[in-house]
Amino acid sequence: ALQPLQSYLPAVLQARDKLVSLRELSDPAAARDLLRSGPFLGLRSSVRALGDYAAISGKELGAYTLVSNFFRSLEGLDQTLAAAMRTPGSSAAEQGRAKVQEVLAALDRLLATVPQDTLQATAQALGIPPPAPPAAAPPSPAPPPQSTAAQKPAPDSAKLSAERVAAAEEAARQALAAARAADERAAAAAQSAAAAQAAAEKAAAQARDAALQAAQEAQEQAAAAKAAQQAAQRAVDERAAVERAAADKAAAQIAAVEKAAAEKAAAERAAAE
């Protein structure tokens with residue numbers, strides 16, 4: 001469903017203002033970057049909406065042709081800038097400026113279908129100079145006096161022109177429908193890619209967290225094993241110390257007994273003498 005007309009105009013007018021600045025930009029690479037940023041990101045949908053409004057109002061029979069012409073000229077500008085990047089020079093710069101003027105002319109023809117008061121108010125709110133209003137068409141020349149002689153009936157040029165306009169309108173409408181479908185497919189693909197990327201990032205984060213947790217648990221287990229080993233070693237050392245103390249005590253007791261026995265024997269010998 002179409003939004004109010006005023007919601008589409010800011011992006012289009014801002015893009016037009018950037019296009020005007022491209023006429024003074026000598027760097028084709030910077031110019032191409034400009035065409036892929038800012039108001040140009042959503043420009044296609046806004047331009048198509050202006051074409052829809054022009055077709056609905058009935059003021060412009062070739063509304064969709066105006067839209068197609070703008071897209072074609074914009075793509076031509078991008079291709080010209082790409083060629084200028086490969087072969088820099090004054091001629092490439094002149095071609096780029098000419099293409100910019102062509103794009104501006106195509107966009108202004110589409111903006112001419114917008115009510116002037118709405119266009120002026122939106123441009124004033126944005127602080128952007130509005131495009132000049134379309135020049136009034138010159139008055140049609142008076143038809144030449146018809147001869148009284150019998151003439152062949154002229155073909156119905158108005159009918160032929162209307163048929164050509166209708167055919168071009170239908171072709172442009174089909175092209176825009178195909179472009180919309182392509183945009184929808186691209187948006188769906190981008191959404192799927194974003195979802196897949198989010199899922200992959202989530203899985204990677206979970207795997208990273210699991211690895212960190214496993215590493216932490218392994219460190220804790222290693223620390224616990226080391227502590228148990230140290231405790232066991234302390235127990236062994238303490239037992240060895242106890243055993244040494246007991247052995248030393250037993251040796252001391254044996255020495256004391258032997259000493260007492262020796263003293264007793266010496267005393268007995270002395271008494272016998």
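**Exercise 1. Determine what share of the residues in the protein is buried.**

Solution. A residue is called buried under 20% relative accessible area, exposed over 50%, and partly exposed in between, with a 1.4 Å probe and protein chains only. By this rule, buried residues make up 22% of the 273 residues in the protein. The structure is a predicted model, in which local features need pLDDT of at least 70, side-chain atom pairs count only at pLDDT 80 or more, and totals for chains, interfaces and linings use all residues. Residues are numbered from 1 along each chain as its sequence is written, and side-chain values use heavy atoms, with hydrogens and water left out.

**Exercise 2. Describe helix H3, its span and its buried residues.**

Solution. Helices are DSSP runs of H or I with at least four residues, strands are runs of E with at least two, and both are numbered from the N terminus; the protein has seven helices and zero strands. Helix H3 covers residues 43-57, which is 15 residues. The expected span of a helix is 1.5 Å times one less than its number of residues, and the 21 Å from the first C-alpha of H3 to its last is close to the expected 21 Å. Among the buried residues of H3 are Leu43, Arg48, Leu50 and Asp52. After H3 comes Gly58, with a positive phi near 80°.

**Exercise 3. Identify which residues touch the most other members of the largest nonpolar core.**

Solution. A nonpolar core is a set of buried Ala, Val, Leu, Ile, Met, Phe, Trp, Tyr and Cys residues joined through side-chain atoms within 4.5 Å. The largest one holds 32 residues, and Leu19, Leu50 and Phe70 touch the most other members. At least two residues of this core come from each of H1 (9-22), H3, H4 (63-86), H5 (90-111) and H6 (116-126). Contact means heavy atoms within 4.5 Å; leaving aside residues up to four places away in sequence, Leu19 touches several residues, including Leu35, Phe40 and Leu77.

**Exercise 4. Characterise the aromatic pair of Phe70 and Phe71.**

Solution. Rings of Phe, Tyr and Trp (its six-membered ring) pair if their centres lie within 6.5 Å, and planes under 30 degrees apart count as stacked, over 60 as edge-to-face and the rest as tilted. The count comes to one aromatic pair: Phe70 and Phe71, 5.8 Å centre to centre with 50° between the planes, are tilted. Phe70 counts as buried because its relative accessibility is 0%, and Phe71 is buried because its relative accessible area is 8%.
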